[in-house]
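Please read the following account alongside the sequence and the model. It starts at the ligand and then moves to a helix pair and some backbone details.

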Amino acid sequence: MAQEQRLIFIIFGGSGDLAHRKLYPALFKLYVKGYLRQHFAVIGTARRQWSHEYFRQTVMESVVADIGDQEQIASFAQHFYYQSHDVNDAEHYIALKKLSAQLNDQYSAGNNQVFYMAVAPKFFGTVASHINSEHLLNEQGFNRLVIEKPFGRDLASAKALNDSISKTFAEDQIYRIDHYLGKEMVQALPIIRFTNPLLAAVWNNQYISNVQITLSETLGVGERAGYYETAGTLRDMIQNHALQILGLIAMDRPAEFTASAIHDQKSKLFSQLQLYSAEQVDQNFVRGQYGPDAKEYQQGYREADNVADDSNTETFVAGKILIDNDTWQGVPFYVRSGKRLRRKATRVDIVFKPEANNIFATKLAKIVRPRPVVLSLVIEPKQGIQLLLNATTPGNGLRTTLDELRFQPPAASLADSQEAYEKLLIDIVEGNQTNFTNWSEQYYTWRFIDRIRKRWDEVQPDFPNYCSNTFGPEASDQLLKKDSHEWIFGTDYLE
Ligand SMILES: NC(=O)c1ccc[n+]([C@@H]2O[C@H](COP(=O)([O-])OP(=O)(O)OC[C@H]3O[C@@H](n4cnc5c(N)ncnc54)[C@H](OP(=O)(O)O)[C@@H]3O)[C@@H](O)[C@H]2O)c1
């Protein structure tokens with residue numbers, strides 16, 4: 001059984017979509033598993049006037065009862081309190097402080113507080129500065145700030161946001177969410193890399209030809225179009241999720257498995273991303289936007305509600321990233337993410353170089369044609385590891401076939417797997433920052449992304465330029481072809 005944690009959990013935006021769809025179900029899992037038992041309370045805040053009772057009702061409705069019964073859900077909901085609150089009103093923070101102190105006494109919550117920002121990003125700085133000016137931080141116990149993505153929309157705004165929250169919270173109190181870091185297979189990447197000598201030995205430019213990171217979705221923007229118009233795929237997927245996965249794949253071995261050692265290695269790696277000139281952006285990055293699909297009666301991006309008729313927001317990005325260090329010199333890391341693509345997947349395909357000396361290239365064995373060995377780390381939809389290896393088929397002489405070794409966790413253990421928000425909330429209540437991003441990582445990733453964004457803002461794209469149910473614009477395939485590579489996860493190889 002998990003160790004019980006004592007705390008008051010304050011959610012700004014407690015009536016919103018994220019809170020109801022992700023946070024309350026995940027908090028309930030923590031309750032069922034015993035991380036939260038008697039000594040906790042949750043305060044939901046938002047402008048609308050709700051009673052505690054009404055709030056509890058919405059919480060109960062949002063909790064899927066697959067691991068609890070109605071009685072357990074009702075007793076969980078009794079820990080929830082609602083406080084009507086406008087983030088701009090200083091008086092409201094004083095009322096909130098009072099309620100938090102009262103609940104701390106009532107539940108013996110150890111003077112521990114978590115402040116969770118589930119409001120629009122434009123409010124993050126405002127909330128943090130009011131927490132400071134109205135003295136909401138406890139002197140004893142812990143104070144933790146959880147901040148949702150996006151963390152800024154470029155380096156300047158990320159820096160302004162960071163300066164503003166840093167006036168109230170120290171770096172070791174800040175938990176910046178990137179929910180991909182809560183996915184089980186993403187968390188497994190360091191284990192896979194650093195505990196298997198046969199992988200660790202070949203994890204460098206001597207053996208690896210190229211690395212391909214794909215985050216593809218089949219859905220369009222749907223109801224998130226309004227937000228998407230202000231973001232685009234580069235900001236929404238590449239700056240955070242794709243680069244964080246790249247960081248875990250390419251960082252040096254940390255001296256020990258601690259949050260600070262992992263953050264140091266990822267930061268160092270991100271500081272070594274080759275920064276592109278405008279010309280290099282044109283050569284190495286491709287953007288796309290999906291058009292209408294007449295066959296499937298699906299709208300194009302520009303036809304969606306809240307999207308401008310002439311929108312130039314990208315719904316697809318493919319790029320080649322180079323890392324300036326000895327381990328990865330000359331190895332392209334290709335990243336790709338988009339909407340309305342042919343398959344939903346999050347995966348890393350690591351393509352190995354062919355053996356330099358093909359001893360089978362003789363007259364005698366001229367039919368032996370080894371193909372590239374590929375290690376695939378599949379994060380979603382089914383997590384697992386696949387290895388494509390050259391082998392022979394009995395009865396076929398020396399004719400090579402590409403055989404696949406596949407590891408997929410058994411169904412029973414998959415049934416026990418934890419959703420990203422559950423894992424991240426456990427880390428927050430236990431005070432483990434490993435699976436969150438620190439400021440230095442944000443700084444270097446935005447520095448890299450800003451170059452691309454700046455160039456794209458200067459040049460009109462020719463949108464729409466790809467159809468649904470494909471893998472994006474033709475230029476994405478060309479990007480790899482120029483280097484004599486091809487996407488491993490594509491039309492011929494979908495599993
Ligand atoms: N939804 C997701 O799946 C998701 C995924 C990743 C990241 N995020 C991030 O999570 C945050 C919340 O997103 P969301 O989708 O939950 O948004 P949402 O559904 O629009 O919720 C926003 C919340 O903020 C409250 N609010 C708005 N203005 C306020 C004000 N002036 N003072 C106090 N409260 C105010 C709203 O309630 P009232 O109107 O009653 O005030 C509501 O509770 C955003 O930063 C978003 O980028 C969301």
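Around the ligand there are 20 residues, and those that come nearest are Ser 15, Asp 17, Arg 21, Arg 48 and Val 119; a residue counts as near a molecule or strand if one of its heavy atoms lies within 4 Å of it. This is a predicted model, in which local features need pLDDT of at least 70 and side-chain atom pairs count only at pLDDT 80 or more, while totals for chains, interfaces and linings use all residues. Residues are numbered from 1 along each chain as its sequence is written, and side-chain values use heavy atoms, with hydrogens and water left out.

By class, the shell around the ligand is made of 9 nonpolar, 4 polar and 7 charged residues. Here Ala, Val, Leu, Ile, Met, Phe, Trp, Tyr, Cys and Pro count as nonpolar, Asp, Glu, Lys and Arg as charged, and the others, Gly among them, as polar. Helix H1 (residues 17-33) gives the most to this shell, with 3 residues; helices (H or I, at least four residues) and strands (E, at least two) are DSSP runs, numbered from the N terminus.

In the side chain of Arg 47, an N or O atom is 2.7 Å from an oxygen atom of the ligand. The backbone also takes part: a ligand oxygen atom is 3.1 Å from a backbone N or O atom of Lys 149, and one is 3.5 Å from a polar backbone atom of Gly 13.

Lys 149 is also joined to Pro 150 by a cis peptide bond, with omega about 5°. Pro 150 is in the loop between strand S5 (143-147) and helix H6 (155-166). Another cis peptide bond, with omega about 0°, joins Glu 380 and Pro 381, and Pro 381 lies in the loop between strand S12 (374-380) and strand S13 (384-392).

H1 also packs against helix H3 (residues 70-77), at an angle of about 105° and with the axes 11 Å apart. The axes are lines fitted to C-alpha atoms over the stretch in contact, and angles run from 0 to 180 degrees between N-to-C directions. H1 is therefore roughly perpendicular to H3, a term for angles of 65 to 115 degrees. From H1, Tyr 24, Leu 27, Phe 28, Tyr 31 and Val 32 meet Gln 72, Ile 73, Ser 75 and Phe 76 of H3, where contact means heavy atoms within 4.5 Å.

Note on methods: A polar contact is a pair of N or O atoms within 3.5 Å; within protein, one must be able to donate a hydrogen and the other to accept it, and residues adjacent in sequence count only if both atoms are side-chain atoms. Angles under 35 degrees count as roughly parallel, over 145 as roughly antiparallel, 65 to 115 as roughly perpendicular and the rest as oblique.
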